[in-house]
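Here is a short tour to read alongside the viewer. It starts at the surface and ends with a word on confidence.

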Amino acid sequence: MTGAEVAEAPAREVGWWRPLFAAVALLVLPATPIFPAPLPLEQSLVLVVPILAVCAVAGWRAGGRLPLAIFWVVAAAWVLWVGSANGGSFSLLASGWAFVLAASFGSMLLIPVGASFLPKALLALVATFLIGGLLVLLAPGGVSGTLDVLGAELSRRGEIWTAQWHRVTGSLEWQDVVRSNPDAGALSELFDQRLAAMPGNGRLLASALLGLESLAAMAMAWALYHRVGRARVGPPLARLRDLRFDDTLIWGVVAGLVIVVLPITGVVRILGINLLVFFGALYALRGLGVLVWFLGPSRWMTAFLVLFTVFFAYVVAAVATFVGLGDTWFDWRRRPRQRSQRSE
């Protein structure tokens with residue numbers, strides 16, 4: 001997610017399959033039965049398009065094309081208007097968050113806060129949480145009212161997907177599968193339990209999940225803009241195998257761990273859990289980068305690793321987080337890597 005600092009013009013991104021794969025994942029996965037209940041924002045376009053607009057405006061100020069900036073600004077205004085016009089308090093909250101996030105990220109593109117993507121994105125995220133928290137405190141109902149709106153939205157999604165899943169499991173075809181394979185019945189019950197727990201988990205981890213979703217939207221918009229825009233607003237995103245970030249972020253993990261371990265309850269404990277989830281996810285990505293660097297996978301091996309991660313997500317997440325945290329002290333990728341006979 002970060003790129004090397006470049007004195008002159010940053011290198012131009014090459015290839016479309018990575019950002020398109022990320023776009024499909026970010027836009028399609030929230031519409032599946034597994035992801036929509038816990039993810040705060042179901043429609044990721046409301047995040048991505050405004051950020052693309054501010055990237056295009058920053059690119060125009062750097063000598064890029066004005067029509068491109070106008071196009072994305074109009075598209076962002078339309079997406080935000082449609083999102084807020086759908087009705088309901090949650091739609092207004094989602095559009096408001098997207099607007100503040102885009103404005104914060106745009107401001108980071110205009111001031112010297114470092115050339116790479118991740119420092120700008122994290123500062124924009126912090127600014128958005130601060131501004132959003134202040135607006136929530138000033139809004140009618142305050143924090144409790146906002147949490148009630150979020151809880152109602154997550155419960156609504158959970159009920160929709162649970163009803164659809166029950167229609168599947170109640171069909172004659174599924175009953176035939178269960179009779180021929182008893183493990184399918186146990187899998188169905190496990191999936192029912194997970195669907196029932198998703199709204200509660202989504203409300204508990206709302207801040208961390210919203211931060212991660214927003215960070216992914218900023219990264220995707222950054223990558224897409226630098227493939228359609230001529231003017232650069234920063235260096236390209238690094239490959240996963242090259243992902244690094246400032247080691248001071250380890251204090252986010254430490255703070256979350258201390259809060260969770262101590263006998264603290266209430267809002268402070270929820271804050272600690274969200275800190276652990278957010279920074280843990282960042283270090284899991286860093287750990288995946290280290291593992292990919294060591295394995296040096298081909299495209300076939302990369303596909304295998306993706307499938308392995310899908311089926312054994314918890315194992316991969318635990319190992320990657322451990323490796324990513326260890327990279328803070330050991331800097332694994334500075335060590336010489338043994339070359340295979342094929343690569344020699």
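## A nonpolar surface patch

In this predicted model, a nonpolar patch on the surface is formed by Phe 21, Met 301, Phe 304, Val 306, Leu 307, Phe 308, Val 310, Phe 311, Phe 312, Val 315 and Val 319, and together these residues have about 1100 Å² of accessible area.

Where does the patch come from? Helix H12 (299-311) and helix H13 (313-330) each supply at least two of its residues, and H12 gives the most, with seven residues. Phe 21, another member of the patch, lies in helix H1 (residues 17-28). With a relative accessible area of 54%, Phe 21 counts as exposed, because the cut-off for that word is over 50%.

## Helix H11 and what follows

Helix H11 (residues 267-295) makes a handy check on geometry. Its 29 residues, at 1.5 Å a residue, should span 42 Å, and the end C-alpha atoms are 42 Å apart, so the two agree. After H11 comes Gly 296, which has a positive phi, near 55 degrees.

The protein chain has a mean pLDDT of 83, with 87% of its residues at 70 or more. Confidence is highest in helix H10 (residues 250-261), at a mean of 94, and lowest in H1, at 72. For residues 1-10 the pLDDT is below 50, and the model gives this stretch 26 contacts beyond near neighbours in sequence.

Residues 339-344 also stay under 50 in pLDDT, and here the model has one contact beyond four places in sequence.

Methods
Residues numbered from 1 in each chain as written. Predicted model: local features only at pLDDT ≥ 70, side-chain atom pairs only at ≥ 80, totals over all residues. Heavy atoms only, no water. Patch = residues over 30% accessible without salt bridge, like charges linked within 9 Å, V, L, I, M, F, W, Y side chains within 5 Å. Areas by Shrake-Rupley, 256 points an atom, 1.4 Å probe, with all protein chains shown as cover. Salt bridge = Lys/Arg side-chain N within 4 Å of Asp/Glu carboxyl O. Helix = DSSP H or I, 4+ residues; strand = E, 2+ residues; numbered from the N terminus. Buried < 20%, exposed > 50% of the residue type's maximum accessible area, 1.4 Å probe, protein only. Expected span 1.5 Å × (residues − 1). pLDDT = per-residue confidence, 0-100. Contact = heavy atoms within 4.5 Å.
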